[in-house]
Structure formats: structure tokens, C-alpha cells
Amino acid sequence: MSISSYLLAAACIATLVTMGLALMRAGLGPTVFDRILAANMFGTKTVLFIGILGFFTERPEFLDIALVYALMNFISVIAILKYADFRASKGQVEVSHE
Amino acid sequence: MSSLALVGAVITLLGALICLVGGIGLLKLPDFFARTHAGGVTDTLGAGLTLLGMIVLAVAFDGPLDYRILVVIKLVSIAVLILVTSPIAGHAVARAALEQGVGMDSIPLEMLQKTRFAQDIPRIQLNGDADAQKAQCAGCLDSLNKYAQLTSREQQNISYLRPPFTESQAQAFEAEHQAILDARHRFATRDFLPAGLDADAVMLKIVIEDMNAQLAQEVSS
């Protein structure tokens with residue numbers, strides 16, 4: 001294995017660790033907006049992880065999947081934000097505890 | 001591998017490490033809005049650098065030229081997408097949280113009274129204690145129950161009165177509540193038409209007028 005393969009493997013591991021940290025924040029976050037922020041970050045890191053993995057295994061065809069997932073992540077974050085905002089406006093969701 | 005591939009791998013690793021810093025900041029920062037900063041800033045910078053490193057790697061890749069150009073085009077489009085949508089999503093989250101009054105308990109009281117969250121100060125002071133909030137004013141429990149039974153459309157219509165947490169809000173809500181019940185009754189009994197008209201006849205007339213207009217349009221064309 002060459003040096004650049006080792007470096008790409010380190011980048012893979014760093015991105016995976018970041019995804020784990022985002023999941024921890026999604027579990028911990030006292031407000032619902034913390035969790036939405038963490039989910040957005042998780043999606044972005046997934047896109048990067050797919051890209052790095054494609055280059056690590058020398059198959060850059062994975063970038064198609066990354067492109068599609070980048071779009072889906074954005075749309076889903078906006079959709080769940082509207083839902084959370086709607087429920088919080090109804091007063092049913094205590095924002096600081098949910 | 002060539003040195004260009006090494007440079008690309010180093011840039012990619014740098015981008016991934018910046019993303020890691022952002023993830024650590026997401027965990028350790030104390031306030032919600034600070035976390036949006038950690039998430040948003042390091043997300044765009046880390047993603048940009050990572051994708052730039054991958055572009056350099058793709059250029060250093062040994063393969064046919066058009067294949068490499070395709071890979072570079074895909075990477076550029078992913079980069080543009082992430083750099084455009086990630087700040088938008090972060091802004092939307094922060095703005096929604098501001099509208100809901102997140103993190104208002106770390107702002108001094110006299111500053112808060114000058115903003116539009118002044119009416120939420122009782123709720124913010126009791127932040128986190130739902131029972132204390134609800135029991136804060138005597139007449140509030142009834143108003144809260146009535147508020148919870150309104151439909152979402154009606155709640156949005158009186159959204160200037162949040163779920164009533166203070167005496168004044170409860171009194172204002174009672175006045176509005178009777179008006180809402182009257183409106184519901186009038187809609188159910190089809191009382192919204194001018195006197196003397198029949199609802200079904202009015203709707204039938206509208207349908208017939210629509211059909212005549214469509215027929216005239218078809219005849220003339």
C-alpha cells in the first residue's frame with residue numbers, strides 16, 4: 001500500500017469518527033434543533049465519506065451516489081425543520097426538552 | 001504513486017481533520033447557536049477542502065482523459081451543491097430556533113425586554129419546568145386546554161397569543177376563543193352566505209357558470 005492509500009484511510013476514519021460525534025449530539029441535544037443540526041452534519045459527512053471511499057478503493061463511480069445523497073439530505077433537513085417548527089408552534093412540543 | 005496523488009491525499013486528509021474539529025466543537029460547545037457556528041463553518045471548509053483534494057487525486061489518477069474529466073465534473077458539482085445548500089440549511093435551523101426562543105435564557109433580562117421575546121419572559125424564566133409554567137397563572141389551565149383543542153389553522157390565526165402563560169394572555173385568549181367558536185358555528189351552519197341564499201344552489205350556480213365559460217372558450221377557439 002502506498003502512502004496516499006494510508007492517508008486516504010486516515011481520512012476515512014476521521015470522517016467516520018465525525019459521524020459518530022454528530023450522532024452523539026443527536027442523542028444528547030437538549031433541543032430538537034440540536035438534533036436537526038447534527039442530522040444535517042451527518043448527511044454531509046456521509047457524502048464526503050462515500051467520495052473518499054470511492055477514491056480509496058480506486059472506483060470513483062461512487063460519486064453518483066454521493067451527488068444524489070447530497071440533494072436528498074438537504075431536502076430532508078428542510079422538511080423535518082418545517083415539521084418541528086410546526087409542532088413547536090402548536091405548543092405541543094416543549095422545545096427545550098424534546 | 002506520483003507526488004500529485006500524495007498532495008491530493010494530504011489535502012483530503014486535511015479536510016477530513018477540519019470536519020473532525022467541527023464534530024468535536026458540536027459536542028463540546030455550550031450553547032445551541034455556538035454549535036451552529038461549529039457545524040456550519042467547518043462543514044463548508046472541510047467539505048470544500050476534501051473535495052478539492054479529491055479533484056487533485058482524480059487529476060493524478062491514471063486512466064483515460066475523458067473519464068478523469070467526468071470524475072472532476074462530478075466532484076465540482078458535489079462541491080457546489082454542498083457549499084450552497086449547507087449554509088442555507090444551517091441558516092434555516094438557526095432562524096427556526098430563534099423564532100421558537102431557544103437559548104434566550106443566557107441573555108440578560110433588560111436586553112430581552114427590548115426584543116420581541118418580551119412576552120415570553122415568564123416562560124423563559126421557568127424554562128424547563130413545564131408544570132410550573134402551566135401553574136403559573138390561575139386561570140391559565142382552562143385556557144391551555146381550550147388552546148390545545150383548537151385546530152392548527154385556528155392556532156396559526158391567533159399565533160400572536162402563544163399558549164397562554166400569563167394572566168393577560170389568558171384573558172385575551174378567552175375573548176378570541178368565543179369569536180372562534182362563533183366562526184366555527186357559522187361555518188357549520190352555512191351562515192357565511194348573504195341572507196336568503198342556499199349554499200348548494202350557490203355552488204351549483206358557480207359550477208354552471210364555469211361550464212358555460214369553458215364552452216364559450218371552446219366554441220370561440
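**Exercise 1.** State how much area is buried between chain B and chain A, and what share of it carbon and sulfur atoms give.

*Solution.* The area buried between the two chains, taken as the accessible area (1.4 Å probe) that two parts lose on being put together, summed over both, is about 4,600 Å², of which carbon and sulfur atoms give 75%. Within the part that chain B buries against chain A, L26(B), L27(B) and Q100(B) supply 13%, more than any other three residues. The model is predicted, with local features requiring pLDDT of at least 70 and side-chain atom pairs pLDDT 80 or more, whereas totals for chains, interfaces and linings use all residues. Residues are numbered from 1 along each chain as its sequence is written, chains are lettered from A in the order in which they are written, and side-chain values use heavy atoms, with hydrogens and water left out.

**Exercise 2.** Find the salt bridges across the interface of chain B and chain A.

*Solution.* Applying the rule (a side-chain nitrogen of Lys or Arg within 4 Å of a carboxyl oxygen of Asp or Glu) gives three salt bridges across this interface. One salt bridge joins D43(B) to K45(A), whose closest N and O atoms are 2.4 Å apart.

**Exercise 3.** Identify the contacts that L51(B) makes, leaving aside its neighbours within four places in sequence.

*Solution.* With contact meaning heavy atoms within 4.5 Å, and with those neighbours left aside, L51(B) is in contact with L48(A) from the partner chain, and with L75(B), I78(B), A79(B) and I82(B). On the scale of the whole interface, 57 residues of chain B are in contact with 55 residues of chain A.
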